[in-house]
Amino acid sequence: MRLTALLVDDEALARRLLREFLKAHPEIEIVGECADGEAALAAIEALAPDLLFLDIQMPGLSGLEVLGLSGREHGVIFTTAHEAHALRAFELHAVDYLLKPFSQARFDRALAQARKLLPLATPGLQQLVAAGNPQRILVRDRQQLHVLSPEQVLCVEAQDDYVCIHTPERSLLKTQTLAEFEAGLDPLRFVRVHRSWLINLDQLLQLERQGKDQLLAVLRGGRKVPVSRAGYERIRPLLK
Amino acid sequence: MRSVYLLLLRPAALLGLLAACALLGGLLAGALVWLAGWGWAAALGATLPLVLFYALLLPSAWELSRALPLARGRAWQGLARYAVAALLVGGLCTLLAWAWLEPAAPLAASLFALASGGYLLALLAADALQAWAGLRDAEHRAEQAQARAVEAELLMLRNQVNPHFLFNCLNSISALTSFDAAAARRMTLALAQYFRQTLALTQRDWITLDEELIHCRGYVEIEQVRFGEERLRFDCELADGAGAALLPPMLLQPLVENAVKHGIAARSEGGTLSLRALRQGDWLHVQLSNPLASAAGASGMGTGTGLHNVRQRLLSLYAGQARLTLRSEAGQFDVEITLPWRSES
């Protein structure tokens with residue numbers, strides 16, 4: 001079976017090494033090389049490679065952020081010199097990690113493993129990605145990349161397969177479930193107040209009762225968000 | 001420091017004071033009853049207000065000894081100050097008692113002696129207590145400074161070998177072996193030279209700026225193999241004679257490494273690290289600048305541990321005489337170090 005592969009690493013020598021090790025596997029065709037995260041993101045979408053060799057530390061977007069933005073869940077082999085990332089990935093059975101420097105034998109083993117799993121998505125992968133970097137939220141809107149810091153966010157709304165992220169200035173759509181989105185944020189700052197609403201506690205002005213059972217969270221700027229009974233139970237201990 | 005009188009705002013302290021006054025007042029009243037044949041009511045009426053007044057005056061001994069410790073000036077001056085204060089307090093009490101009760105002369109004399117003596121004792125006790133506390137404090141501070149120095153040195157030793165730097169280099173060498181064996185060998189030798197030099201330099205307490213910069217250059221040359229020479233440029237400019245300055249080893253290397261990691265590696269287009277050093281009178285200034293990561297590249301920012309370590313080391317080695325300032329503007333990050341000038345000659 002012929003397979004396509006994309007090599008992503010900001011160091012030319014590291015990409016060259018991958019190319020070298022892939023010589024032993026003529027059935028794998030290298031369809032591209034990228035030196036940074038943004039180029040990788042574009043290439044993943046344009047080329048849809050079967051296999052992705054991905055470095056973690058890169059200029060601009062990290063390898064994990066590339067996966068988060070592309071939503072890719074299969075055929076990923078990480079390459080890194082940082083064992084901390086590797087340990088976390090093994091825990092989640094996400095994908096294989098090649099710790100630099102690695103041997104041809106180790107490379108072959110990772111490749112065999114990845115090919116075996118190939119048609120399947122690895123569920124741990126998006127979990128790994130979601131827990132990536134709570135310091136910034138990345139959203140891609142058409143071809144533009146928006147970088148938000150969590151402080152800017154007012155609230156987040158679930159909309160089918162999307163989340164809609166509301167800031168005082170604008171609203172952005174991101175392809176992710178609310179649960180996945182929530183997993184990547186600081187649980188002391190962001191609280192699920194409703195099945196389809198997540199609010200930033202720092203932006204909360206007050207809770208307002210409307211009618212008999214209806215409770216609303218009033219956010220800075222006047223926006224009101226419904227609070228369910230379970231949501232109230234979650235938010236109450238955090239308000240003190 | 002807060003005034004000791006603030007303690008009286010606490011109910012427990014106030015109650016304690018009142019109880020002590022009642023006890024002392026009772027004892028004095030008893031003495032009046034037995035020795036001078038007063039009635040109990042008259043005796044208590046006389047002593048209690050007096051004792052209360054004295055009790056309120058007594059904490060001022062603490063304030064006074066704090067403001068004017070016995071050790072300030074010559075020994076006799078300190079003692080004289082305290083004696084005058086005690087006599088004044090004794091006189092004040094006696095005068096008050098006179099106005100209030102018109103007691104017999106022998107009683108007034110003993111009252112004067114008691115009040116003055118008590119206040120003098122309180123002054124001396126407060127002074128001794130404060131001197132002891134000051135000594136303990138100084139010892140504690142010295143211990144802390146020592147601990148910080150040891151910690152900073154340990155961190156420096158650990159940071160000499162950044163494992164990720166080593167692993168990435170080995171990966172580059174591994175790549176080079178198949179298509180450029182000579183370059184692989186060159187990088188192996190450069191890496192060995194760099195680590196050997198690290199060990200040699202850190203054996204010494206002081207090295208020259210020239211030596212430190214040769215070492216930094218060795219580091220940058222290795223990183224240039226990884227990133228490519230067009231992505232990482234190093235531009236070093238020393239004003240006349242600055243290279244002879246003495247400084248602790250591996251002071252600048254972590255800053256250069258930081259700049260490569262967060263400034264250059266986080267930019268696809270790379271950039272130039274520039275280092276300027278010059279002597280100004282009794283000071284050595286070193287400035288290191290690197291371009292910042294582009295807007296989307298905020299992931300390249302570190303946690304600041306590297307800079308924190310350098311700052312701790314400066315603090316423990318120069319005790320506040322050295323300064324490290326950071327500036328981030330117009331897409332450029334600058335670190336500036338100012339050290340007291342030191343050289344061999």
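Which residue in E14(A) is the bridge partner of A:Arg209? In strand E14 of chain A that partner is A:Leu215. The model is predicted, so local features are given at pLDDT of at least 70 and side-chain atom pairs count only at pLDDT 80 or more, while totals for chains, interfaces and linings use all residues. Residues are numbered from 1 along each chain as its sequence is written, and chains are lettered from A and ligands numbered from 1 in the order in which they are written.

The pair A:Arg209 and A:Leu215 belongs to the antiparallel pairing of E13(A) with strand E14 (residues 214-219) of chain A, which has six bridges. Helices (H or I, at least four residues) and strands (E, at least two) are DSSP runs numbered from the N terminus, and two strands pair if DSSP finds at least two bridges between them. E13(A) and E14(A) are part of an open sheet of three strands in the order E13-E14-E15, with antiparallel pairing. Strand E13 (204-210) and strand E15 (224-227) of chain A each have a single partner strand, so each edge strand has one side without a neighbour in the sheet. On average, neighbouring strands of this sheet are turned by 30° against each other, direction ignored.

Chain A also holds a hairpin, made of E9(A) and E10(A) with four residues between them. Strand E9 (residues 162-166) and strand E10 (residues 171-175) of chain A run antiparallel and are joined by five bridges. One of the bridged pairs is A:His166 with A:Ser171 of E10(A).

Helix H2 (residues 37-47) of chain A has the buried residues A:Gly37, A:Glu38, A:Ala40, A:Leu41, A:Ala43 and A:Ile44. A residue is buried if 20 or more other C-beta atoms lie within 10 Å of its own, exposed if 12 or fewer, and partly exposed in between, with C-beta atoms placed from the backbone. The cover over the buried residues of H2(A) includes strand E1 (3-8), strand E2 (28-34), strand E3 (51-55) and helix H3 (63-70) of chain A. After H2(A) comes A:Ala48, which has a positive phi near 40°.

Chain B has 10 helices and seven strands, and 28% of its 345 residues count as buried. Among its contacts between residues at least 6 apart in sequence, 70% join residues at least 24 apart; two residues are in contact if their C-beta atoms, placed from the backbone, lie within 7 Å.

Five strands of chain B form an open sheet with mixed pairing, in the order E2-E4-E5-E7-E6. At the edges stand strand E2 (232-238) and strand E6 (323-329) of chain B, each with a single partner strand, so one side of each has no neighbour in the sheet. From one strand to the next the twist averages 15°. Within the sheet, strand E4 (residues 271-280) and strand E5 (residues 283-291) of chain B pair in the antiparallel sense over seven bridges, and B:Leu275 has B:Leu288 of E5(B) as its bridge partner.

Two helices pack on these strands. H8(B) touches E2 and E4 of chain B, and its direction makes about 165° with that of E2(B). Helix H9 (residues 253-264) of chain B lies across E2, E4, E5 and strand E7 (332-340) of chain B, running at about 20° to E5(B). Axes are lines fitted to C-alpha atoms, for helices over the stretch in contact, and angles run from 0 to 180 degrees between N-to-C directions.

The loop between H9 and E4 of chain B contains B:Ser268. This residue, B:Ser268, is partly exposed because it has 18 C-beta neighbours inside 10 Å. Not counting residues up to four places away in sequence, B:Ser268 touches A:Ala35, A:Asp36, A:Pro59 and A:Gly60.

Across the whole interface, 25 residues of chain B are in contact with 21 residues of chain A. On the side of chain B that touches chain A, helix H6 (163-179) and helix H8 (209-227) of chain B are the elements that give two or more residues. H6(B) gives the most, with 10 residues.

H6(B) meets helix H1 (residues 12-22) of chain A, and their axes come within 8 Å and cross at roughly 55°. H1(A) and H6(B) are therefore oblique to each other; angles under 35 degrees count as roughly parallel, over 145 as roughly antiparallel, 65 to 115 as roughly perpendicular and the rest as oblique. From H1(A) the contact uses A:Leu13, A:Ala14, A:Arg16, A:Leu17 and A:Glu20, and from H6(B) it uses B:Asn171, B:Ser172, B:Ser174, B:Ala175, B:Leu176 and B:Ser178.
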